[in-house]
Amino acid sequence: MLRLLVSRVLAAIPLMLMVATLVFFLAQLNPVDPAATIMGDDADLESLAEKRAELGIDRPLVVQYWDWLNSAVVGDLGTNWFNGEEITTELRDRIPVTLSMVFGSLIVALGIGSAFGVLAALKAGRWPDRTITVASSLGLAVPNFWIGLVLAYYVGVKLQWLPAIWPTTRPDSLARWIEALILPCVALGISASAAIARQARSSMIGVLQRDYVRTALAKGLPVRRVVSRHAIRNAAIPVVTLAGFQTSALIGGSIFVEFVFNVPGLGRFGVDAILRQNMPALLGFVMVTAAVVVVVNIVLDLSYAWLNPKVRPE
Amino acid sequence: MSEPLLHIDDVTIVFPGGRGALPWQKLPDVRAVQHVSLQIDAGDTLGLVGESGSGKTTLGRAVLRFLRPESGSIRLGDFDVTGFGRQVPTEYRKTVQVVFQDPVGSLNPSMVVGAIIAEPLRIHFGMDSGTARERAGELLEQVGLQRHHLDRYPHEFSGGQRQRIAVARALATEPDLLVLDEPVSALDVSTQSQVINLLERLQRETGAAYLLIAHDLAVVRHTCHRIAVMYHSRIVELGDSDDICERPAHPYTELLLASIPDPDPAVQHVKSQRRRELAQGVAGASGRAPTDSCPFAERCPHVMDVCRESFPEPVPTATGGTVWCHLHTSGPMLGGQPVSELAAGTSTAQVSPPAADG
Amino acid sequence: MSDALAGLGGSADAGELASPAPMPQESAAGATRSRFWARLRRNKVAMAGAVYLVLVVIAAIFAPLLTSHDETFATRFQDILFSPGEAGYVLGTDHVGRDILTRIFFGARYALIAGAEAVLVALVIGVPFGLAIGYFRGWADRIGMRFVEIVVAVPAVVMAMAIITGLGTGLTNAMLAIGLVFSMIITRLVRAEVFAAREEFYVDGARAAGASDRRVMWRHILPNVAPPLIVQTTLLFAQAVLAEAALSFLGIGADASQASWGRMLRDAELSIDRTIWPAIPPGIAIFLTVVAFNVFGDGLRDAFAREARGGRVGVGDVMPKERNAASAPPWPPGSDDPLLSLRGLDIVFPKPGEGTDMTVVRDVNLDIGRGEVMALVGESGSGKTITGLSLMGLVPDPGQASAESIVLDGRELVGMDFNDLRWIRGREIGIIFQEPSAALNPAYTVGRQVAEPLRVHLGMSKREARERVIELFTEVGIPDPHKRIDAFPHQFSGGMAQRVMIAMALSCEPKLLIADEPTTALDVTVQGQMLDLVSELARSRGVSVLLITHDLGVVADLADRVAVMYAGEIVETGRLADVFATPRHPYTEGLIAAIPRNEPRSGDLPTIPGVVPPPWAWPDRCHFADRCLYEAIECRRGPVELRPMGASLTRCERSHELELRGVQHASVVAIAGWEQPSGEPGSGGVMPGLPPGGVMPGLPPGEGGPA
């Protein structure tokens, strides 16, 4: 297990490096001069040149890249071009917010999705299955930012049950924190739950037709045990794969939900970076999300090995 | 005697080992075929018999030039098969054709039968679609199907019928050699013999040579003039089929023969008794093929120390075949006599007792 | 876009019910295609989605004609927000007075154009890229996949945003970015499908036929990759519509002059303190469009997967059936107190693709004596396996079994519910299957799986069960049982896995062992060991065996009595010696003659002409008549009953007048040097009488059977 972990971590390093390289050069394709964006339209050529020198973007691209990479490796992602803050400091405040939202939704989605998916598979073709199937294909189609708007309006503004937007001051207790998280998590988690339910249903149906399920029945085991012991564990493997994709999708989706609920998370930071061509901020944002995805995938690889003895290294 | 059609000379085929759990780890290579030499004359049938993992299919794929041997040479007529580069000459593709085991997977499910059979006709003879269709219809009739089957999809046919279609496609190029990779083992007994009879009739009609790869020695005996027995990457015995099947000189051949169940309960009684005497190890071939010992040593009832030290040199058998077994040159010094000579007094033959466990 | 990277959900593969069904009479050119459309049309949900999408397309094309309001959304009533219905605005206006209905229609344009752009980009890049790296593999694949990995390591939206930073904002650029990210999904899908297709023999066949790499790729692989590709494209279209809305909502997609649905939501947010209404219609428009694409894509997928059927936990109790006085033949020949007695078993399945039922097993009677090995012989599609499963109430889901009675050791099993039958399964009847490696659960150690019935049925503690499993492993000849007990199934060879299955089946000392093709998946030299093991264990424990097989050689090795099945019916049954020496049914004769034996040969091999017909083509008379060499007028009159003939029972109208040939002595009975059989070799066809109580004497002591 440890060797598997080590090998996955080692494989992740070049991957992250390549991500950084790709994004750095992609973002340079834009001909717009960041200095002009910062200084405004009425800045004269001289001050623009000065600004460019200050930002270091008058140097050759490769030099800029090398510099950025060198400091990134030791954990320094540079300073924000617009407010002069350390990018790492800004990210540090925002990461917990976004991650609590993403993992909150993921855990709830895994619970709800798998439960309904398994139920649908066991009742394949009957009404619980049809209901769940319809509900999940609707759930997949709901735009998270739209359902967020609707929830914020009705539950937050009209009914006043839960905060419609993220509190302006940092929530001071866990209860407040959770309270503020509920609506964003619901908005974010609907489609993930639907996707997981669908996957759980189809992989469960597949597993129920396997020979070893027939063997388990032929042993005289009760259905409950056949399902809980013999079927679910094997059916979980594709669900785990999907959970990996969903984590990535949830991080992406959180950007929009944060926008709706005014959550001070990574998403807003990223959108601002794009709209204002804020290179260091953009790179920091991309690297952090990539790191989260990579870490989640390592965790999933380990859980594969637990679920499926075949992939365990000897 | 004229030059054989197919010449396989000292061929070794190695599959590179995959990656291990750690990025820099490399798994050891798998030696699928080691030092195999075979010939097939024009119009002749050679049976290549062995169990799963023996390397027989791999050797067939090398003849088809789907993979390239690590060493040794394969020549067919004027073609130096091992000398081909990435691109295999179309002329060679025309000369060698193949029929696979799996009647479901071997025909493209998205093409109608007519298109499947016409493809080689158009590639090799440049026929226009009308002529190709006409010829495909003839070929279908030749394999016992009807012209109106041209417009059907493969999944509309039974297993035996699909094998007939595969045979028709293979014969379309008028090949000199047909590689038959377990052509009947997925079929029911009653259909098996239909296909075997068909293949034999077609051989009489076309004069193509067959390389028949199979695991069932009884089927092979009925179809082949000569048989090569493979075990775990090596050929262990080679000879005329009746001799191999009645006077086997290698203990593995004898075990194979004893393992074929016979429908006559009296015969089967004798066979199963003999089988029990011969079966020493519990498992089939497993793990990596050894490079410098007899691969059958672990299971052999007559194993000797020398069997674990080197792979034997070929010995001519009394019946004109060849056997690769130390029993013929050391220990009991059988000198090419059938290995069943040892049966009466097994104890004298055993220079060293068989290993306690495999 | 939340699901953009989820990939295909993957509908369950439906195992085909019986043997692949030949349909020589009812199909013609293009039938496959028309069946595909028929299946798709039957899917009402998918059709509803398709109809809705057509409406969206119409709305997009004719948007200017469909509304009386300004196509430029010019604001006649700036800063007035009309409610729905007010001032002639059906859906009201937004906060700057623009008609929402008009903007919804125009929004359909943006949604479709944006979706098409993204999907097109994805296909144009992804398909050739995926085909190339999938086909050439090697370094091309390694580099290509590394690149894909890099792109998908970042969430799709984030990567799209990074690309947008480079390209600049705006709808076209945004969708180009989305398309680039989607192209990675397409690449991965196509590559995986090509990998799968490359393993198919038809690709090797095409290469052997001389097709060039390019031809193989475009003519053979791509058409078979097309179905999943079409499905995925439909689903990606839905994702692109969502992505367009999402990016426009953030302000990095459509700009203020473009009435995209996402842009409408962004505008609606500005007036959200007054009313939520302007956000509702565009939200619903997005939602419905995405649903429509999704259900249509799912419908396509189901239509491509030919007979996708849902399977519940595969248990079907055997239903009681009225006793039919006519179907009570003198049964069985010479066994007074059978362990198991089955009467009047019928099994029906729904006919594939249609609502009607077809009978796959008809009126099967079977008796198994105590300590006896009964062989049920037949080709694929004869119904032998499902007959065995029905004895344990394990007929798979859509199947329906009914029987007059199944009596096991004095107990009636028909009418028992699942829970009563549980105490029969595993405890009274054990079973081993054809594919031992598939029959064991890959997730658990073999020891745990063999211990399970011991714990459930016999209430053993963990430690007791473990001790017992080690004993069982020793008995079935697994070396190193103390170590192997903790190994996983994939660490076992086929023969070893079958030994594990045998240990499991015998763990609770059942009275009956059902062995369903126990050796078919094994190598020939391992087969014999397995047969020895089964017969030795069965005889030493007095267990009766129902041996289900297609191999008459295996039958000859093991069985005391035989029942031959053909097309759902028992056509002949009797003692092994009688049936093999003097078969009473032409099918039995044909089967015996067709077995390849180790003997010199002359002339063509004997065959049975034709093929086994599929269940829906079984006639209402002798099922075998069409393939029978002795077929006559009387064979076509009506159903044939099993009736006694000699010492056997046979279902043949002409059995009384036919002289059928049984097993012939091989002219070379044994290999030189082997001990001769007890009968006189070459004595002319009929084999010698066999000792009563079993064909095969017990193992000689001290002989090297399995440990």
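Predicted model: local features only at pLDDT ≥ 70, side-chain atom pairs only at ≥ 80, totals over all residues.
**View 1. Ser382(C) in a loop of chain C.** Ser382(C) is placed in the loop that runs between strand 4 (373–377) and helix 12 (384–390) of chain C. Because its relative accessibility is 2%, Ser382(C) counts as buried. When its neighbours within four places in sequence are left aside, Ser382(C) is in contact with Val360(C), and also with Met565(C), Tyr566(C), Ala567(C), Gly568(C) and Glu569(C).

**View 2. The fold of chain C.** Chain C contains 22 helices and 14 strands, and 60% of its 707 residues count as buried. Among the contacts in chain C with a separation of 6 or more, 70% are made by residues 24 or more positions apart.

**View 3. The interface of chain A and chain C.** The size of an interface is often given as the accessible area lost when the parts come together. Between them, chain A and chain C bury about 7400 Å², of which 69% is on carbon and sulfur atoms. On the side of chain A, the residues that lose the most area to chain C are Trp146(A), Lys219(A) and Phe256(A), which together make up 9% of what that side buries. The contact involves 79 residues from chain A and 94 residues from chain C.

**View 4. Charged and polar pairs across the interface.** Three salt bridges are counted between chain A and chain C, and one of them joins the side chains of Lys219(A) and Glu452(C), with a distance of 2.8 Å from N to O. Across this interface, 14 residue pairs are in polar contact. Helix 10 (residues 223–261) of chain A supplies the largest share of the side of chain A that touches chain C, namely 18 residues. That side of chain A is made up of 50 nonpolar, 17 polar and twelve charged residues.

**View 5. Nonpolar cores and Leu250(C).** The largest nonpolar core has 170 residues, and those with the most contacts inside it are Val19(A), Phe145(A), Ile255(A) and Val286(A), together with Ile221(C) and Leu250(C). Helix 9 (residues 213–250) of chain C gives the largest share of this core, 18 residues. Apart from its neighbours within four places in sequence, Leu250(C) is in contact with Ile255(A), Phe256(A), Phe259(A) and Val271(A), as well as with Met161(C) and Arg266(C). A second, separate core has 134 residues, including Val213(A), Val377(C), Ile429(C) and Cys635(C).

How values were computed: Residues numbered from 1 in each chain as written. Chains lettered and ligands numbered in written order. Heavy atoms only, no water. Contact = heavy atoms within 4.5 Å. Buried area = accessible area lost by both parts, 1.4 Å probe. Salt bridge = Lys/Arg side-chain N within 4 Å of Asp/Glu carboxyl O. Polar contact = N/O pair within 3.5 Å; in protein donor to acceptor, adjacent residues only side chain to side chain. Helix = DSSP H or I, 4+ residues; strand = E, 2+ residues; numbered from the N terminus. Nonpolar A, V, L, I, M, F, W, Y, C, P; charged D, E, K, R; others polar. Core = buried A, V, L, I, M, F, W, Y, C linked by side-chain atoms within 4.5 Å. Buried < 20%, exposed > 50% of the residue type's maximum accessible area, 1.4 Å probe, protein only.
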